[in-house]
Amino acid sequence: MDGLTQLVVWLNAVADALGRLLLAPLGVLPGWLSATIVSAATGVLMLLAYKYTSNQRAIKRVRDDINAQLLALKLFKDSASVALRAQGRLLVGAFRLMVLAVVPMLVMVVPVCLLLGQLALWYQSRPLQIGEEAVMTLKLGGTADSSWPDIRLQPMDAMEITLGPVRVLSKRIICWNIKARASGYQRVVFHVDGQAIDKELAIGDGFMRVSTHRPRWDWSEVLLHPGEQPFGPEAPVQSIEIDYPERDSWTSGTDSWVLYWFGVSMLAGLCFRPLLKVNM
């Protein structure tokens, strides 16, 4: 799966560059407003993508046939044979619509997944506030019987270690309890057998891009956590995670933002469908 992981890393690099530029206003807008604008814009863009990647003429023909069969059911409801034929054609028409939707769905699935990964950096967690504590976990590669490297956490003014390191030998993880001391984007530096490895730390109020994980070399992990470069397959460290607090909002909060994005984007698509003359 190395090839697939490398492809996702390249796609994430492009998406991250665009996301930092296009989604920068999310840091100054209220959460409900930014989530609504992004969701509505996504719905319109997906509608346009559907229009120009689908066979609109074929979809219109199938839709017209479905409407004709519905009319036949209404006009000849006393005829069992006509009703059965019309119902069969309705099922065939529904299946044909599903087949015609496959191509645009395949075209949209990758951009949508990349977009959701970028939005998760803003909405899935909130940054640490000054004086707030969190658990930071570093996971090593290798097996339970592998030797442990020398691991040291470089001191920094923006972060205080209140507990740790705590080692869990069976899981090859090492944990620290940290306290935020200064606002801004900070770099936490680890020295693993003399090799410097870093992790981003977000401290502040409001909306900031929050990378909870620096992921391991796995395409699904890279897709879910696009904020930082993944560790290579031969790296001594598999992943580094910071347990950020959840964001409390039903429009732009942890997990709920996905449902809000989906609902608003679908509603925007339905509203703009007649204006953009899209057959679905």
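Predicted model: local features only at pLDDT ≥ 70, side-chain atom pairs only at ≥ 80, totals over all residues.
Student: How do strands of a sheet pair?

Tutor: Strands in a sheet are joined by backbone hydrogen bonds, and the pairing is either parallel or antiparallel. Here, an open sheet of 3 strands runs in the order β2-β5-β6, and its pairing is antiparallel.

Student: Which strands are the edge strands?

Tutor: They are β2 (151–153) and β6 (195–203), each of which pairs on one side only. Neighbouring strands in this sheet are turned by 25° against each other on average, with direction ignored.

Student: Over how many bridges do β5 and β6 pair?

Tutor: Strand β5 (residues 184–192) pairs with β6 over 9 bridges, in the antiparallel sense.

Student: Now D16. Is D16 buried or exposed?

Tutor: Buried means under 20% relative accessible area. D16 has 13% relative accessibility, so D16 counts as buried. D16 sits in helix α1 (residues 2–22).

Student: What does the side chain of D16 make a polar contact with?

Tutor: The partner is the side chain of R209, at 2.7 Å. Beyond its neighbours within four places in sequence, D16 is also in contact with residues including Q118, L121 and P226.

Student: Where is the place of E228?

Tutor: E228 lies in the loop between α6 (219–224) and β8 (237–242). E228 is buried because its relative accessible area is 9%.

Student: Which side chain does a polar contact join to that of E228?

Tutor: That of K199, at 2.7 Å. Residues up to four places away in sequence aside, E228 touches several others, among them R187, E200 and H213.

Note on methods: Residues numbered from 1 in each chain as written. Heavy atoms only, no water. Helix = DSSP H or I, 4+ residues; strand = E, 2+ residues; numbered from the N terminus. Buried < 20%, exposed > 50% of the residue type's maximum accessible area, 1.4 Å probe, protein only. Polar contact = N/O pair within 3.5 Å; in protein donor to acceptor, adjacent residues only side chain to side chain. Contact = heavy atoms within 4.5 Å. Pairing = 2+ DSSP bridges. Axes fitted to C-alpha atoms, helices over the stretch in contact; angles between N-to-C directions.
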